[in-house]
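Welcome, and please open your viewer so that we can walk through this model together. At each stop you will hear what to select and what is there.

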Amino acid sequence: MSGEKISGQCLCGAVHITVTDPKHEIEVCQCDMCRRWSGSFYTALTGESHDIQGEESITEYRSSDWAERGFCNKCGSSLWYTFLPTGGRSFSAGLFDASINYTIEKEIFVDERATWSRLNGDHPCQTAQEVIEEAKAAGFSFD
Ligand SMILES: [Zn+2]
Ligand SMILES: [Zn+2]
């Protein structure tokens, strides 16, 4: 690992996040929950580790049995998605200036995307059923 660090912040600047060794590929989620949450689609940025400042400005919302979503309670910026079974967390790529040239790793829940939400590129795409089957094969349950 290179030890590369990128820093991001919410719209008002109350929350600062540093991600170490970020993956330079973004996973895009087009599910209907992410659309409602973000207004369009969620762009998941992950890294080896992270550091968060501004805890008092963060609220976490339990959006389903298996996930929590963090947002800035001052400006409303979407901050992160935590998959509770593993504790794995991804951050909204738009928080990080460095991410603007990253590529798309894959796009998921493509069968739920809005007609105005089509992304260019030949990256892999998965439907909701494909995502859920892959997760079940990995041992997770969503029933
Ligand atoms: Zn904020
Ligand atoms: Zn989603």
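Start with the open sheet of three strands, whose order is E1-E2-E5 and whose pairing is antiparallel. Strand E1 (5-9) and strand E5 (49-53) are the edges, and each has a single partner strand, so one side of each lacks a neighbour in the sheet. On average, neighbouring strands here are turned by 15 degrees against each other, direction ignored.

A word on terms: helices (H or I, at least four residues) and strands (E, at least two) are DSSP runs numbered from the N terminus, and two strands pair if DSSP finds at least two bridges between them. Angles run from 0 to 180 degrees between N-to-C directions, with axes being lines fitted to C-alpha atoms, for helices over the stretch in contact.

The model is predicted: local features need pLDDT of at least 70, side-chain atom pairs count only at pLDDT 80 or more, and totals for chains, interfaces and linings use all residues. Residues are numbered from 1 along each chain as its sequence is written, while chains are lettered from A and ligands numbered from 1 in the order in which they are written.

Next, select E1 together with strand E2 (residues 16-20): five bridges join this antiparallel pair. Lys-5 stands opposite Thr-20 in E2, and Ile-6 has Val-19 as its bridge partner there. What do E1 and E2 form? They make a hairpin with six residues between them, and Gly-13 in the turn has a positive phi of about 85 degrees.
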